[in-house]
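Please keep the sequence and the structure in view while reading.

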Amino acid sequence: MSRLLTEDEVDRQLAELPGWRRDGDALVAVIEAPGFPAAVALVDAVAEEAERFNHHPDIDIRWRTTHWRLSTHDAGGITQLDIELAHRIAECADAAGARFVG
């Protein structure tokens with residue numbers, strides 16, 4: 001199990017993750033894709049990464065807008081796994097032509 005990151009560690013790493021923010025014990029982001037098929041493709045691309053990490057985000061999709069929530073539930077908060085997956089999600093979003101909003 002990954003260890004929980006300290007508040008300072010989370011804040012420092014969030015500085016390198018534009019579009020992501022902390023919401024309690026989770027990292028959250030909203031990403032808008034060019035259209036519904038692109039949003040679904042983004043979710044599919046992230047699903048492949050999540051399987052490789054064995055770490056799965058909470059995802060909500062509304063038309064072309066996707067909402068992401070990352071937390072390591074068995075650790076009770078944010079771990080390095082969440083940070084790494086956030087980076088992979090950002091890479092997938094960029095490749096899909098999607099952008100962070102909010």
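The largest cavity holds about 30 Å³ of space. A cavity is a set of points, on a 1 Å grid over the protein atoms alone, where a 1.4 Å probe fits but cannot get out; the grid points are joined across faces, edges and corners, and a volume is the space filled by probe spheres set on them. By this rule, one cavity of 30 Å³ or more is counted.

The lining of the largest cavity consists of His 56, Pro 57, Asp 58, Arg 69, Leu 70, Ser 71 and His 73, lining residues being those with an atom within 4 Å of a point. Two of these residues are nonpolar, three polar and two charged; Ala, Val, Leu, Ile, Met, Phe, Trp, Tyr, Cys and Pro count as nonpolar, Asp, Glu, Lys and Arg as charged, and the others, Gly among them, as polar.

## Basis of the values

The model is predicted: local features need pLDDT of at least 70 and side-chain atom pairs pLDDT 80 or more, whereas totals for chains, interfaces and linings use all residues. Residues are numbered from 1 along each chain as its sequence is written, and side-chain values use heavy atoms, without hydrogens and water.

## Salt bridges

Eight salt bridges are found in the whole structure, each defined as a side-chain nitrogen of Lys or Arg within 4 Å of a carboxyl oxygen of Asp or Glu. Arg 69, a cavity-lining residue, pairs with Asp 23 at 3.0 Å, N to O. This pair links strand E4 (residues 65–70) to strand E1 (residues 21–23), across 46 residues; strands are DSSP runs of E of at least two residues, and helices runs of H or I of at least four, numbered from the N terminus.

Arg 64 forms a salt bridge with Glu 32, with the closest N and O atoms 3.3 Å apart. Arg 64 lies in the loop between strand E3 (58–62) and E4, and Glu 32 in strand E2 (residues 26–32), so the pair ties together parts 32 residues apart in sequence. Glu 32 is buried at 17% relative accessibility, and Arg 64 is partly exposed at 24%; buried means under 20% relative accessible area, exposed over 50%, and partly exposed in between (1.4 Å probe, protein chains only).

## Val 40

Val 40 belongs to helix H2 (residues 36–53) and is partly exposed, at 38% relative accessibility. Its C-alpha lies 8.0 Å from that of Ile 61, 21 residues away in sequence.

Methods
On a 1 Å grid over the protein atoms alone, a cavity is a set of points where a 1.4 Å probe fits but cannot get out, and a pocket is an open set with protein on both sides within 12 Å along at least five of seven lines; lining residues have an atom within 4 Å of a point.
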